[in-house]
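This report describes selected local features of one protein model, moving from salt bridges to helices, backbone details and a surface patch. Please read it with the sequence and coordinates at hand.

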Amino acid sequence: MKISIITTIYKAEKDLPRLLDSMMALQSQDLEFFLIDNGSPDRCGEICTEYAARDKRFYVRSLKDNIGYIKARMLGIQECHGDYVGFCDSDDYLEPHGYDHVVEQIAEKKCDLYIGAHNFHFGEDVYLIPPPFQQGEYADELIHEIILPQAFGYLKGRERLHGFMWKHVYKRKIIQDFGINLIEDLKPWEDQIFNIDVLQHCQKVVVDHQVIYNYFANSGSVTSSMIKNFDAEDFWHKTRLLYVNKRERTTTDLERLACANATMVNLDLMVVCLCKKTTLPSSSVSKTIRSLLNKDNVADQILTGASREDLSDRLRFVNYCLRFRLYRFLVWVVRYKLRKGK
């Protein structure tokens, strides 16, 4: 049994040695470090080759041109040699002994999906983020009753299972047998649909509170760049597309509820980002919201599908204003709170 950890690399020569050192420090010989030099113009390719010469567990796949991290990950899934696949971002690093533990757990429990914990690094602060489930094994009905609804979103008293692929280890055969792909048009949320598609075919999931990964909040990440260079029409298009893709995969009322609840977070973010554009008068902001949400019935489906009981006070307020087309009032309140730093 082998686990391939797939890392797509582009313009990362500063952080890359930290990641590769953390990989080399792992003891298990059942690990493969599948490194994809995604057409990087710096020394990333050379650094990868240097490590591969020192440790036979490293495998380097060099691409002449950058094909984007989503296509590169799918290429890694196709070409790696593991029975299981995990993922890394090149500016993060693996927890000492974390994947050694993962190898032992998967070998013993023969699961279809492993979900681990991670450390979230934000500046000088580090937060331990465990999975939103009790540690243990989940099989068949329990996967559909407990794990899957939280992959669609959140419910009252139950956190959502965020998409981040680097905290999961997947049985590769499930991905290949069922033709599961990362949908590029959903970037940066393509991982959410991928996880749902995998979970729907799992017979056993292991949830472990062992830390396996160290994630660094990065101002240059795809999500951060989307918010910094905010385009409301593009953001709503992707939010809508994510919702539609999730919704068509739901099979229970609980999943549909969780899906709508999660989408409310994106609608709130869209309103806030628009209100932060101080060069736009409030009338223009409210007009933009109206023009985006009144185009079809998907927005109404989201707003009426979310449970006011499950939402925070803030999301409940945003939901109410959007449902009853109180756009000017919503913009005024949000801008007032932004000025007050609330």
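Is aspartate 55 buried or exposed? Aspartate 55 is buried, with a relative accessible area of 10%, where buried means under 20% relative accessible area, exposed over 50% and partly exposed in between, computed with a 1.4 Å probe and protein chains only.

## Basis of the description

This is a predicted model, in which local features need pLDDT of at least 70 and side-chain atom pairs count only at pLDDT 80 or more, while totals for chains, interfaces and linings use all residues. Residues are numbered from 1 along each chain as its sequence is written, and side-chain values use heavy atoms, with hydrogens and water left out.

## Salt bridges

A search of the whole structure gives 17 salt bridges, each defined as a side-chain nitrogen of Lys or Arg within 4 Å of a carboxyl oxygen of Asp or Glu. One of them joins the side chains of aspartate 55 and arginine 57 at 2.9 Å, N to O; arginine 57 has 6% relative accessibility and therefore counts as buried, and aspartate 55 is buried as well, at 10%.

Arginine 43 and glutamate 50 also meet through their side chains, in a salt bridge of 3.1 Å, N to O. Here arginine 43 is partly exposed, with a relative accessible area of 35%, and glutamate 50 is partly exposed at 39%. A network of salt bridges links Arg43, Glu46 and Glu50.

In a further salt bridge, the closest N and O atoms of glutamate 137 and lysine 204 are 3.4 Å apart. Because glutamate 137 lies in strand 8 and lysine 204 in strand 10, this pair ties together parts that are 67 residues apart in sequence; helices (H or I, at least four residues) and strands (E, at least two) are DSSP runs, numbered from the N terminus. Glutamate 137 is partly exposed at 43% relative accessibility, and lysine 204 is partly exposed at 25%.

Aspartate 140 is placed in the loop between strand 8 and helix 5. Its phi is near 45 degrees, a positive value in a residue other than glycine, and aspartate 140 is partly exposed at 39% relative accessibility.

## Helix 11 and its cover

Helix 11 (residues 282-293) consists of 12 residues and reaches 17 Å from its first C-alpha to its last, close to the 16 Å expected at 1.5 Å a residue. Within helix 11, Val285, Ser286, Ile289, Leu292 and Leu293 are buried. They cover an arc of only 130 degrees around the axis, which puts them on the same side of helix 11; the arc is that of the directions from the helix axis to the C-beta atoms. What covers these buried residues includes helix 9 (232-247), helix 10 (253-275), helix 12 (298-305), helix 13 (313-323) and helix 14 (327-340).

## Other backbone and packing details

The peptide bond from lysine 187 to proline 188 is cis, with omega near 15 degrees, and proline 188 is located in the loop between helix 6 (172-177) and helix 7. Arginine 325, in the loop between helix 13 and helix 14, has a positive phi of about 60 degrees although it is not a glycine, and arginine 325 is partly exposed with a relative accessible area of 38%.

Glutamine 105 belongs to helix 4 (residues 98-109) and counts as buried at 13% relative accessibility. When neighbours within four places in sequence are left aside, glutamine 105 is in contact with Lys110, Tyr114, Val206 and Asp208.

## A nonpolar surface patch

Tyr320, Phe324, Leu326, Phe329, Trp332 and Tyr336 make a nonpolar surface patch of about 620 Å². Patches are made of residues with over 30% relative accessible area and no salt bridge, like charges being joined within 9 Å and nonpolar side chains (Val, Leu, Ile, Met, Phe, Trp, Tyr) within 5 Å; accessible areas come from the Shrake-Rupley method with a 1.4 Å probe, and for residues only the protein chains shown count as cover. Helix 14 gives the largest share of the nonpolar patch, 3 residues. Phenylalanine 329 is found in helix 14 and counts as partly exposed at 43% relative accessibility.

How values were computed: The expected span of a helix is 1.5 Å times one less than its number of residues. Contact means heavy atoms within 4.5 Å.
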